[in-house]
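Subject: Structure handover

Hello,

Here is the structure I said I would pass on, followed by notes on what was found in it. Please read the notes with the coordinates open.

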Amino acid sequence: MNAQQAAWRARTLPPVERLPGGLVSVPVPIPNNPLRYTLSYLIPGDDGLVVVDPGWDSETGWQALTDGLAEAGATAADVTGVVLTHVHPDHHGLTARLRDASGAWVAMHPAERAQLRRDRDTEPSRALGDWMRTLHVPDAEIDRLLGAFGKAVDLHFAPLADADVMLGDGDLVPLAGRRLRAVWTPGHTPGHLCLLEPDAQVLLTGDHVLPRISPNIGLQLSGEDPLGRYLESLEKVSAYDECEALPGHEYRFHGIAARAAELDRHHRERCREIVSVVDRLGAATIWEVASELTWSRPWAEIGPMLVGAVAETAAHIELLVRAGELEWKGGGPQVVTGALCRS
């Protein structure tokens, strides 16, 4: 058991840790969140260092990040670049502050930048409410959830630092002395990236593959087929099984291929459960299907995480519709029925 795993089990903050190839992991706290912290990574090069996923924007988080830099023998001024695995605020929140303190460039996948710009053009509460209505979440539940989220909705959609550098699949991060390569793994978000450092034999997996929990793969405001893309991306990262996984949360681990296979099985079992529920109900909204599924706690006790549960259900249904296992009644993503024919 490594130090990160021991800390996770003890429900304490893990230490700043030196990793293979000179990388350094820095836990950056997420206030009032069961994930507890984001694992930020410092990657030194010949002319400075890159920070991967600086973490949630808070004074506690900034202190943790700068303390981690100090333990690595650096300051914010030594940071030449920031790379984002994805633009969720628990990964991207401190980027603007770090950029302002260092003059660093900011890099992400083009699809993340597009999502970032779409979020800036929305009124957060209205966009989330309208989206939940397309999934047939009852109005009373929408009002309750938006009330429970409060300022969290605005924080999630708050303007975040824009990108200077675009990283496509297979591109090298512009850090002299390193062969740090972007691996595009859409699913959790459209432009999610993993980062391969072959000399250190590590793969920074962001939220794509975590050691213990399944990342949220939900039908997003932009639509598309996130679960289908995610399953393809799981197969893609299985090719790096010789690497140690350095995730964005929890703890580092070996066995990427086995964990990817486990996550694949989880989602395919969920698909089978959804088909069974729809067969029993005959025709149902996404909300009704979600309420009949097996969750880690009773449906009535899910609380604010209900939004993620419904989004995940919608993503699974979208995959099943594309596979011909289910069909939309009336041609729209509202009421789902069993397909007319199944093999």
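To start inside one of the sheets: Leu-204 stands opposite Leu-246, a residue of strand β11. The strand that pairs with β11 here is β10 (residues 202-206); the two run parallel and are joined by four bridges. Before going further, note that this is a predicted model.

The sheet around β10

Four strands make up this open sheet, in the order β8-β9-β10-β11, with mixed pairing. Its edge strands are β8 (181-184) and β11, each of which pairs on one side only. From one strand to the next, the twist averages 25°. Helix α9 packs on this sheet and touches β8, β9 and β10, with its direction at about 140° to that of β8.

The loop between β9 and β10 holds Gln-201. Gln-201 is not a glycine, yet its phi is positive, at about 55°. Is Gln-201 buried or exposed, or partly exposed? Its relative accessibility is 42%, so Gln-201 counts as partly exposed.

Which way do the residues of β11 (residues 244-247) point? Glu-244 and Leu-246 point one way, Ala-245 and Pro-247 point the other way, and all are buried.

Helices α9 and α10

The axes of α9 (residues 226-237) and α10 (residues 256-281) come within 8 Å and cross at roughly 155°. The two helices are therefore roughly antiparallel to each other, and their crossing is left-handed. On the α9 side, the contact is made by Leu-227, Tyr-230, Leu-231, Leu-234 and Val-237. On the α10 side, Ile-256, Ala-260, Leu-263, Asp-264, His-267, Arg-268 and Cys-271 take part. Sorted by class, this contact has nine nonpolar residues, one polar residue and two charged residues.

The seven-stranded sheet

A second open sheet has seven strands, in the order β1-β2-β3-β4-β5-β6-β7, and its pairing is also mixed. At its edges stand β1 (17-18) and β7 (165-166); each has a single partner strand, so one side of each is left without a neighbour in the sheet. Within the sheet, β4 (residues 48-52) and β5 (residues 79-83) pair in the parallel sense over four bridges. Val-50 has Gly-81 in β5 as its bridge partner.

Helix α1 (residues 3-10) touches β1, β2 (24-29) and β3 (37-45), and its direction makes about 165° with that of β3. Helix α2 (residues 59-71) touches β1, β2, β3, β4 and β5; its direction makes about 165° with that of β2.

The loop between β2 and β3 contains Arg-36. This residue, which is not a glycine, has a positive phi near 75°. Arg-36 has a relative accessible area of 17%, under the 20% cut-off, so it is buried.

His-92

Where is His-92? It belongs to helix α3 (residues 89-92). His-92 has a relative accessible area of 0% and is therefore buried. Leaving aside neighbours within four places in sequence, the residues in contact with His-92 are Gly-55, Leu-84, His-86, Val-87, Val-106, Met-108, Leu-116, Leu-160 and Ala-161. Trp-56 is 36 residues away from His-92 in sequence, while the C-alpha to C-alpha distance between them is 6.7 Å.

The chain as a whole

How many helices and strands does the protein chain have? There are twelve helices and 14 strands. The chain has 343 residues, of which 55% count as buried. Taking contacts between residues at least 6 apart in sequence, 64% join residues at least 24 apart.

Regards

Key:
Residues numbered from 1 in each chain as written. Predicted model: local features only at pLDDT ≥ 70, side-chain atom pairs only at ≥ 80, totals over all residues. Heavy atoms only, no water. Axes fitted to C-alpha atoms, helices over the stretch in contact; angles between N-to-C directions. Parallel < 35°, antiparallel > 145°, perpendicular 65-115°, else oblique. Left-handed = near helix turned anticlockwise from the far one by under 90°. Contact = heavy atoms within 4.5 Å. Nonpolar A, V, L, I, M, F, W, Y, C, P; charged D, E, K, R; others polar. Buried < 20%, exposed > 50% of the residue type's maximum accessible area, 1.4 Å probe, protein only. Pairing = 2+ DSSP bridges.
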